[in-house]
Structures are given as C-alpha cells and as structure tokens.
Number of protein chains: 2
Amino acid sequence: MTLIILAHPAFEKSIANKTIIEELQRSKLDLEIRNLHELYPDFKIDPKAEQEFLVRHDTVLFQYPFYWYNMPAILKQWFDVVFEHQFAFGSKGDKLKGKNFLASFTVGGKEKDYTLLEKHHFRVHEFCKNLEQTSYFAQMNFIDPVYSFRTSQADGYTHEEIKSTAKAHAEKLINQLGEI
Amino acid sequence: MTLIILAHPAFEKSIANKTIIEELQRSKLDLEIRNLHELYPDFKIDPKAEQEFLVRHDTVLFQYPFYWYNMPAILKQWFDVVFEHQFAFGSKGDKLKGKNFLASFTVGGKEKDYTLLEKHHFRVHEFCKNLEQTSYFAQMNFIDPVYSFRTSQADGYTHEEIKSTAKAHAEKLINQLGEI
C-alpha cells in the first residue's frame, strides 16, 4: 500500500502534478493521498495523525513541484514535525524502518539548463542528497527519485505538452510502484 | 547594512541561535532582524513587506538551525514567496543583483558524523548546493556559509559548551560582515 504525500500550494491550478495524481488514481494501485495544503492551510501539521498514516503503509511517495532546487516549504514542515525523535530515529525510532521512500517531482525548465555551464549549474540529482540522507537516517529504503523536466507554462511549454509529459511520468511511477 | 532573516521555530528556547543573535546585536554592525516565526506564525509571509526590507540592504544573512540536512520550513516558504519572478529573477528581476547572500547555521551533531562512512554520510557543504544556486539565480554574491557543529543538547553538549561554540560562531560572522 502506497501513501502519497502531496505538496503543491496551488494543486487545483497545476497541470503536471494534477495529471500525475489523476493517472495514479486511475491505476489499480492501492493508494491513500494526503494533500498537505488542503489538510493544513496554516502549516499546523498534526504529527500523530501523519505518523498513523505512515505506519500503515509500505511505500511513501512524495509528489511535488521542484521549487528553488528543493521541496516546497510545506513538505519540509511535514518532515520537520513528523519525523520525530523516537519515531523516525533515535534508540527506539524505527517506525519507518524498511519502508520505501520515493520522491516524485516536476521541474519547470529543461534538462540542459541543469548542467555546469548553463543557468542552473547543477544536475538535479545533486540537489537530492538531503532526500537520500533523510531516508537513510529514518532507516528507509531510498528509491532513486522520479522527475520530469519541461512541466511549467512559465517556461514556455503548452498545456498539452505538459499533460503528455505528466502522463509519461505517471506511467514510470506506476511501473516502479508495481515492481516494489 | 545587513538584514538578518531569522528562522527558528523555538527561538526563545534555543541556545546557539539566540546567543549568535545576541552577540550580533551587541556588535557595532548596522543590523535589522526579521524573526520569521514571530512575524508569521501561520506561515503567511508578506512578499511585498519582505521585498522592501531586502532592497534597503546590501547583505542578507540567513540565521537558522540545520534541520533534516536543509533549512527550516519557514525559511523555505520565505524563498518560495519572496523570491518572485520579476523581482529576484526574470527579464526585469534584478532587484537583488550584487547583494551578498550569507547563510549561517547551527548543526546539532559533530563534524566527524558528516563523512562518508559515518551516520550522516555527506559533508555539510554537499547539502548547500541549493543555497548557492538560489543565490546565483537571483544574481547575488554567494558567500561560503558559516556553520558550527555540536550545538544541540539532544546530541549531548552542555549549555555552556553550546554557548561558547555560538560565541565563536558569532565572532566569525562579525569578522566576515566587517570585511564585506
């Protein structure tokens, strides 16, 4: 069973993230979705409620847009309050041990811009070390993130292009989740 | 003139961050401090107000504890809403051009744990690429972050040890700010 932690400040208006979630819902996978901005518009995340969802699932999928080379703030708040001492780490903090950790995100621009001499300078995976180490520290099984480029209209891509990219992204996720 | 963006969810109880701020205030530096959790307990950061503070200063110092190999959520929210298109980037987004970007943070554990075979696996600077690239994308002058280890009582350090580490940290910052 997969728990989806969805972090998008304007989910209803989004193209890529909304399409990905819709495709996942249409699949035969057993899913539960936590839409953080809808549940916690004031960022007052309930750690106990979130922890109860976590313990019931084998896989945690984080779905979000890539903002400033990092996750959106509400997802960081989720980690800051939910991954508590003696839950996610510490002498008795093994509640997440062995669960799968899969980040799935959308990048607005194109892949070529994420190289040394182009405007974003770093490869996207270089910005993912905090995810990987967070997963290890909670004794989780880190799965290489799934991400897609060219998902923002502000970067010049059309609604149809983004939708098609998002569908391919969802298919990759569905295959990955099926294999776990 | 230096603008300090302070992001600590329990600043009054903190030892290291509080000591650093107190030492900075005691110095002769010309400072203004924005305590984000105090100003915005519900995370509803006012982008225009924050942008007005930014344009009036030459140096922006971000002061925070290192949480999950990253900045605290409220600071990420600050970047997400304040570093807007046509302010921080875009064809007319040059309002931060040439300003100094200095991250200053406290790490709970010891330096040795932040090496390949130890529990945090990565060096701290490997987790700072998002800061560096955020600064470049806003045409700011990135200064190597200042950070100190052994700043958490949960990691076994005493109040006095942490205070002394924080004072040394503040001295380093004051020297750095004086040189800019």
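**Exercise 1. Work out which strands helix H1 of chain A lies across, and at what angle it runs to E3(A).**

Step 1. Helix H1 (residues 16–26) of chain A lies across strand E1 (2–6), E2, E3 and E4 of chain A. Helices (H or I, at least four residues) and strands (E, at least two) are DSSP runs, numbered from the N terminus. Two residues are in contact if their C-beta atoms, placed from the backbone, lie within 7 Å.

Step 2. The helix runs at about 150 degrees to E3(A). Axes are lines fitted to C-alpha atoms, for helices over the stretch in contact, and angles run from 0 to 180 degrees between N-to-C directions.

Step 3. Note the source. This is a predicted model, in which local features need pLDDT of at least 70 and side-chain atom pairs count only at pLDDT 80 or more, while totals for chains, interfaces and linings use all residues. Residues are numbered from 1 along each chain as its sequence is written, and chains are lettered from A and ligands numbered from 1 in the order in which they are written.

**Exercise 2. Describe the sheet of chain A: the order of its strands and the sense of pairing.**

Step 1. Strands of a sheet pair through backbone hydrogen bonds, either parallel or antiparallel. Two strands count as paired if DSSP finds at least two bridges between them.

Step 2. In chain A, five strands form an open sheet in the order E2-E1-E3-E4-E5, and the pairing is parallel. Strand E2 (31–35) and strand E5 (141–148) of chain A are the edge strands, each pairing on one side only. From one strand to the next, the twist averages 20 degrees.

Step 3. Take one pair. Strand E3 (residues 59–65) and strand E4 (residues 100–106) of chain A are joined in the parallel sense by seven bridges. Gln63(A) stands opposite Ser104(A) in E4(A).

**Exercise 3. Characterise the overall fold of chain A by its elements and its radius of gyration.**

Step 1. Chain A has six helices and five strands. Read from the N terminus, its elements run β-α-β-α-α-β-α-β-α-β-α.

Step 2. The radius of gyration of chain A is 16 Å, close to the 16 Å that the globule rule gives for 180 residues, so chain A is as compact as a globular protein of that length. This radius is taken over C-alpha atoms, and the rule is 2.2 Å times the number of residues to the power 0.38.

Step 3. The C-alpha trace of chain A spans about 50 × 35 × 35 Å along its principal axes. Of the contacts in chain A with a separation of 6 or more, 78% are between residues 24 or more positions apart.

**Exercise 4. Find how chain B is related to chain A, and which helices of chain B supply the side that touches chain A.**

Step 1. The copies are superposed by least squares on the C-alpha atoms of residues with pLDDT of at least 70 in both. The same surface serves both copies, as 100% of the contact residues of chain B recur in chain A.

Step 2. In the interface, 23 residues of chain B are in contact with 23 residues of chain A. Helix H4 (73–82) and helix H5 (129–137) of chain B each supply at least two residues of the side that touches chain A.

Step 3. H5(B) also lies across E4 and E5 of chain B, at about 155 degrees to E5(B).
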